Amino acid sequence: MHEHGGIEKLRYEDAEEPGLPAPNEVIVKLKTAALNHIDIWNRLGVTGVVIPMPHILGADGAGVIVEVGEKVDNVKKGDAVCLYPATGCGRCEFCSTGRDFMCIHVRVLGERLEGTYAEYVKLPAENCFPIPAMMSFEEAAAFPLVFVTLWRMLITNARLKPGESLLIIGIGGGVASAALQVAKQIGAHVVVTSGSDEKLELAKNWGADHGVNHRKKDFAKEVRTLTENRGVDVVLDCVAGEVWQKSLSALAKGGRLVTCGATAGGLPDTDLRAIFSNQLKIFGSTLGSREEFRQLLSFMTLSRIRPIIDSVFPLKEGAAAQRRMEEGKQFGKIVLQVSD
Ligand SMILES: [Zn+2]
């Protein structure tokens with residue numbers, strides 16, 4: 001894109017190939033990329049992050065290393081890799097403790113770094129990881145951003161345990177569908193909400209224990225009925241807006257709410273009395289650390305979980321792919337096929 005705006009601002013055109021990698025960098029020839037909501041926010045220019053123009057979007061990708069800087073020793077030419085999307089300044093208190101996603105100078109693919117809707121991408125070698133065994137390039141592009149975000153929310157922050165209950169608001173998006181997969185794998189009881197009966201049916205096929213159509217029923221009341229008035233242990237709400245207060249009221253005493261977005265509005269009404277009197281905890285996060293990414297890779301390999309792929313578009317139809325996401329039609333990840 002050459003400027004911010006609607007889908008019509010996306011162009012399929014030749015851009016310059018990335019130049020020689022710095023000593024700690026590599027160049028990856030991408031086979032696949034995957035879409036995230038952040039791509040749309042970045043296209044619209046509403047994140048507050050200043051993006052150099054012209055710009056290539058895309059935080060997720062997978063491919064093969066074709067160039068390595070002289071100091072790179074963790075990967076080599078010809079390696080098939082998936083990408084951890086964030087890199088920091090390398091010096092601040094966050095970077096020096098492995099949390100460079102919290103660095104104030106953090107650069108993320110498709111944001112301050114050129115992204116993955118392209119044939120080539122240049123990035124630090126330490127952001128390249130071997131693709132988990134048996135995963136296709138489509139799957140390897142589809143999981144990093146949403147799964148590492150989800151991992152931090154559900155495992156590091158909320159500490160969801162086997163036998164606990166989780167309510168996922170708005171099943172269908174990448175983070176929500178990843179949450180369903182991980183939660184079922186670790187043995188949690190999962191309730192999902194959606195305005196679409198079709199998506200609720202799909203969620204049940206992927207293991208959801210209950211589905212509530214929030215257009216037809218009050219999900220907070222429904223959760224109370226399902227749990228004999230107890231409430232759930234954890235709520236994942238990246239919708240907020242009108243939904244937020246209901247999410248809080250669906251929690252059991254001592255419950256945890258995790259959020260990484262506010263698609264329906266970032267300034268919801270909040271009853272603070274419900275938070276303190278019920279001993280609730282609220283965790284906000286975006287992305288996750290390299291260490292969390294490593295834990296996730298190991299989990300993906302051992303559990304054999306594969307990200308749910310909604311659809312695959314050729315790179316040149318990236319605009320149509322973003323339209324599908326903007327209209328909220330997807331269940332799982334939308335992938336771009338870059339090269340064979
Ligand atoms: Zn830093």
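Ile 168 touches Ala 176, Ala 179, Leu 180, Val 190, Val 191, Val 192, Thr 193 and Leu 236, leaving out residues up to four places away in sequence; contact here means heavy atoms within 4.5 Å. The model is predicted: local features need pLDDT of at least 70, side-chain atom pairs count only at pLDDT 80 or more, and totals for chains, interfaces and linings use all residues. Residues are numbered from 1 along each chain as its sequence is written, and side-chain values use heavy atoms, with hydrogens and water left out.

**Nonpolar cores**

- Ile 168 and Leu 236 touch the most other members of the largest nonpolar core, which has 59 residues. A nonpolar core is a set of buried Ala, Val, Leu, Ile, Met, Phe, Trp, Tyr and Cys residues joined through side-chain atoms within 4.5 Å.
- The elements that give two or more residues to this core include helix H2 (137-142), H3, E8, helix H4 (174-185) and strand E9 (189-194). Helices (H or I, at least four residues) and strands (E, at least two) are DSSP runs, numbered from the N terminus.
- H3 supplies the largest share of this core, eight residues.
- Another core, of 28 residues, lies apart from it and has Leu 30, Tyr 117, Val 121 and Ile 334 among its members.
- In soluble globular proteins, nonpolar side chains tend to be buried together.

**Zinc site**

- Cys 89 (SG), Cys 92 (SG), Cys 95 (SG) and Cys 103 (SG) coordinate the zinc ion at 2.3 to 2.4 Å. Donors are N, O and S atoms within 2.8 Å of the metal (3.2 Å for Na, K and Ca); water is not among the atoms, so sites may look incomplete.
- The site of the zinc ion is tetrahedral, with angles of 105 to 113 degrees among its four donor atoms. Four donors count as tetrahedral if all angles lie between 85 and 135 degrees.
- The donor residues are spaced C-x2-C-x2-C-x7-C in sequence.
- Cys 92 counts as partly exposed because its relative accessibility is 22%. Buried means under 20% relative accessible area, exposed over 50%, and partly exposed in between (1.4 Å probe, protein chains only).

**Aromatic pairs**

- The whole structure holds five aromatic pairs. Rings of Phe, Tyr and Trp (its six-membered ring) pair if their centres lie within 6.5 Å; planes under 30 degrees apart count as stacked, over 60 as edge-to-face and the rest as tilted.
- Tyr 84 and Phe 293 form a tilted pair, 5.6 Å centre to centre with 55 degrees between the planes. The pair links distant parts of the chain, 209 residues apart, with Phe 293 in helix H9.
- Phe 129 and Phe 293 form an edge-to-face pair, 5.0 Å centre to centre with 70 degrees between the planes. Phe 129 lies in strand E7 (residues 128-130) and Phe 293 in helix H9, so this pair ties together parts that are 164 residues apart in sequence.
- Tyr 84, Phe 129, Phe 143, Phe 147 and Phe 293 form one aromatic cluster.

- Glu 164 is buried because its relative accessible area is 14%. Glu 164 lies in the loop between helix H3 (144-157) and strand E8 (165-168).
- Ser 177 lies in helix H4 and is buried, with a relative accessible area of 2%.

Key:
Tetrahedral: all angles 85-135°; square planar, octahedral: opposite > 155°, others 65-115°.
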